[in-house]
Amino acid sequence: MPGSENPAPETAGRVKSRLPRRIRREDLRQAGLPLAVLVLFIIFTLNSSVFFTPANFQNVGLAAAALALVSFGQCFVVLTAGIDLSVGSTVALVSVVAAKVMESSGPVVGVLAGLAAGIAVGVVNGFVVTRLKVVPFVATLAMLSIAAGLALSLSGGTPVSGLPSSFTDIASTRLLGVPLPAVIALAFFVIAWVILRFSRIGRHIYAVGGNLEAARLSGIQVERVAMSSYVICSTFAAFGALVLTARVASGQPTLGSDLALQSVAAVVLGGVSLFGGRGSVVGVLFGVIFVSVLSNGLNLVGVSSYTQMLVLGTALIAVLAIDWRLFRDAD
């Protein structure tokens, strides 16, 4: 009967045949990354005598901490179907601001000033995207240039050195053998997981990314949710900047230049859809582990950084193609 809510037998059959196929692909994608990480562990263990050692795992944890912090924040924006390309420059700006203030006012005030700079970047990004209606890609690309210019102007293009040891010791401190930056990253992973899984703002982020108009009609203040996601993203990036600054013991105007690509790669590889509304921070954690282990293992077996970029880019394209296929089938 035309207009009936019950699908015709042939249509219902097609729906039933498509749904299991889509579920199988999504399940395969979610299980694929942990399996890929396991394969990397096996390959690099067989090809490097130092890969599967506690000392190397400490190095991986130390190197992955900043990427993890930035990626967890990036996850919030991508879940709303946005993107933040300015996280790399945000890291540089926070590093320089924190270092400059530490010179005159000490580590506590310096850390607070750096966090304030990072939050300010998120507020501006959110305002431009939600109020001025600029496409997130363009808005954050412009902010990338603005923040990079500010970092270079404030520092004069040179590193800001002379940071107090009470701050730089963060990078060398161990808790039960685990580098403190890795512990900080895990703490922020728990915070992000709790926010996205149990809080109202977390549910609204998924709703806005899943269907913007449906979320608006449901009474959700979508602009406020999008603004919050950009502020959270920049705040996480600011903490990542402080971890990196402590590790290099100076404020660097070019710090984190590759974090935008790496964070997007970790988020997308971790199963968060660029079309929004699908994915989890648990998947992002596996994405960070994949990127970090891949980089560490390739370094140990003598593969150049140029080839590493090629491998990461190829993996990103493959996952984006799968993501587009899933989005098209779900539409």
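This is a predicted model: local features need pLDDT of at least 70, side-chain atom pairs count only at pLDDT 80 or more; totals for chains, interfaces and linings use all residues.
**Exercise 1. Which residues of helix α8 are buried, and against which helices do they pack?**

Solution. 

Step 1. Take the range of α8, residues 200–210, and pick out the buried positions: G202, I205, V208 and G209. These four lie on the same side of α8, because the arc they cover around the axis is only 125 degrees.

Step 2. Turn to the opposite face. The exposed residues R200 and G210 sit on the face directed away from the buried side of α8.

Step 3. Identify the packing partners. The buried residues of α8 pack against α2 (54–79), α7 (180–198), α9 (212–217) and α10 (222–248).

Step 4. Inspect the start of the helix. There, a side-chain oxygen of S199 comes to within 3.1 Å of the backbone nitrogen of G202. G202 is also one of the buried residues from Step 1.

**Exercise 2. Find the salt bridges of the structure and determine which residues they link in a network.**

Solution. 

Step 1. Count them: the whole structure holds three salt bridges. Side chains of opposite charge can pair when their charged atoms come close.

Step 2. Begin with E223 and K133, whose side chains form a salt bridge at 3.6 Å, N to O. The two residues are 90 apart in sequence, E223 being in helix α10 and K133 in the loop between α4 (107–130) and α5 (136–155), so the pair ties these parts together.

Step 3. E223 has a relative accessible area of 21% and is partly exposed, whereas K133, at 57%, is exposed.

Step 4. Follow E223 to its other partner. E223 also forms a salt bridge with R216, where the closest N and O atoms are 3.2 Å apart.

Step 5. Continue from R216, whose side chain meets that of E213 in a salt bridge of 3.7 Å, N to O. Both E213 and R216 are in helix α9, three residues apart, or about one turn of the helix. An α-helix has 3.6 residues a turn, so residues three or four places apart point the same way. Both members of this pair are partly exposed: E213 has a relative accessible area of 45%, and R216 has a relative accessibility of 35%.

Step 6. Join the pairs. The salt bridges link K133, E213, R216 and E223 in a network.

**Exercise 3. What percentage of the residues of the chain count as buried, and what percentage of the contacts with a separation of 6 or more join residues 24 or more positions apart?**

Solution. 

Step 1. Take the secondary structure: the chain has 13 helices and two strands.

Step 2. Read off burial. Of its 331 residues, 44% count as buried.

Step 3. Consider the contacts with a separation of 6 or more: 78% of them are between residues 24 or more positions apart.

Methods:
Residues are numbered from 1 along each chain as its sequence is written. Side-chain values use heavy atoms; hydrogens and water are left out. Buried means under 20% relative accessible area, exposed over 50%, partly exposed in between (1.4 Å probe, protein chains only). The arc is that of the directions from the helix axis to the C-beta atoms. Contact means heavy atoms within 4.5 Å. A polar contact is a pair of N or O atoms within 3.5 Å; within protein, one must be able to donate a hydrogen and the other to accept it, and residues adjacent in sequence count only if both atoms are side-chain atoms. A salt bridge is a side-chain nitrogen of Lys or Arg within 4 Å of a carboxyl oxygen of Asp or Glu.
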